[in-house]
Amino acid sequence: MSKIWMLILITAIAGIGGTGVGGLLGAVLKRDSSKVVSLLLAFAGGVMLAVVCFDLIPESFHPEGAEKEMSLALVIAGVLLGYGVIYLLNYVIDRYTNPEVAHIDSDHPNTADDLDELIHADHFELHASGLGTGRDLFIAGIVMACAIALHNVPEGMVIGASYASDGEQLVGGAGFIIAVVIGLHNIPEGMSVSVPLISGGMNRTKAVLITALSGAPTVLGAIFGYSLGLISPEWLALSMSFAGGAMIYVVFGELLPESFLMWKSKAPGAFTLLGTLVGLILVHI
């Protein structure tokens, strides 16, 4: 199998498969699952942090085919660009999905301090109590699906850029590791789509399928990121540093905060360290 087809296959599993699994979990949600998801996210955050710090950013100074070291300014620009793009997308998602059901007030602040709020499962309780309508929840799920689809494009670019830097390596390199971690990261995102859709009256099977499809743009992003990385060593360096910046936001702006909010314990911190060590081992194998 050629590298581009392997990239498409792995990215599809991470994007469509990850959000699809999340959608399925949302359809059969159990309230005692918060600790498991918390540790999963913390571990994934640690692995991703190790890949960024020990592989992506260092390698962006010496991309494949470069005759000289890339400038510090170029790498910093790529990191800031990657961080900024993901930050802005998350800002837009938060802005347009938080008001979907009127539940943010002095007694219910704009935070996600447990799994139910994080994945919008609390909307089901509002709907059941008559405080939210099925139409509100259905629209909320559609908006969230579109937002997640948009959010998945730069995440796919991260996978593609990482694969472009891995030479002929198909499995086991930075791109493969990041694809696995993004797949894990997509699970709670998939839950945030399927829960309001199902609570709004949609058939569970259809809701899970729509949720899975919201991960499809990850493949388009991967192809784009991979293609950019093949243009020249400078573009490869920019793509890799962009990927590093994007993943830094995902780790510190999403994975770790969500993990600690879902389980207020020292255990997520320990799993973050464990994930970092596992990532370090994988990078140096």
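## Confidence in the model

The model is predicted, and the mean pLDDT of the chain is 78, with 75% of the residues reaching 70 or more.

## Overall architecture

The chain contains 11 helices and 0 strands, so that, read from the N terminus on, its elements run α-α-α-α-α-α-α-α-α-α-α. Of its 285 residues, 54% count as buried. When contacts between residues at least 6 apart in sequence are considered, 81% of them join residues that are at least 24 apart.

The chain exposes about 12800 Å², and carbon and sulfur atoms supply 69% of that area.

## A buried serine at Ser60

Ser60 is found in helix H2, which covers residues 34-60, and it is buried, because its relative accessible area is 0%, where the cut-off for buried is under 20%. Leaving aside residues up to four places away in sequence, Ser60 touches Met70, Val75, Ala237, Met240 and Ser241. Ser60 and Ser165 are 105 residues apart along the chain, yet their C-alpha atoms are separated by 8.6 Å.

## The two sides of helix H8

Helix H8 runs over residues 204-213, and within it Ala207, Val208, Thr211 and Ala212 are buried. These four residues lie on the same side of H8, because they cover an arc of only 135° around the axis. On the other side of H8, by contrast, Thr205, Lys206, Leu209 and Leu213 are exposed.

## A nonpolar patch on the surface

Tyr83, Tyr87, Leu88, Tyr91 and Val92 form a nonpolar patch on the surface, and together they have about 490 Å² of accessible area. One of these residues, Val92, is found in helix H3, which spans residues 72-97. Val92 counts as partly exposed because its relative accessibility is 38%, a value that falls between the cut-offs of under 20% for buried and over 50% for exposed.

Key. Residues are numbered from 1 along each chain as its sequence is written. This is a predicted model: local features need pLDDT of at least 70, side-chain atom pairs count only at pLDDT 80 or more; totals for chains, interfaces and linings use all residues. Side-chain values use heavy atoms; hydrogens and water are left out. pLDDT is the predictor's confidence in each residue, from 0 to 100. Patches are made of residues with over 30% relative accessible area and no salt bridge: like charges are joined within 9 Å, nonpolar side chains (Val, Leu, Ile, Met, Phe, Trp, Tyr) within 5 Å. Accessible areas come from the Shrake-Rupley method with a 1.4 Å probe; for residues, only the protein chains shown count as cover. A salt bridge is a side-chain nitrogen of Lys or Arg within 4 Å of a carboxyl oxygen of Asp or Glu. Buried means under 20% relative accessible area, exposed over 50%, partly exposed in between (1.4 Å probe, protein chains only). The arc is that of the directions from the helix axis to the C-beta atoms. Contact means heavy atoms within 4.5 Å.
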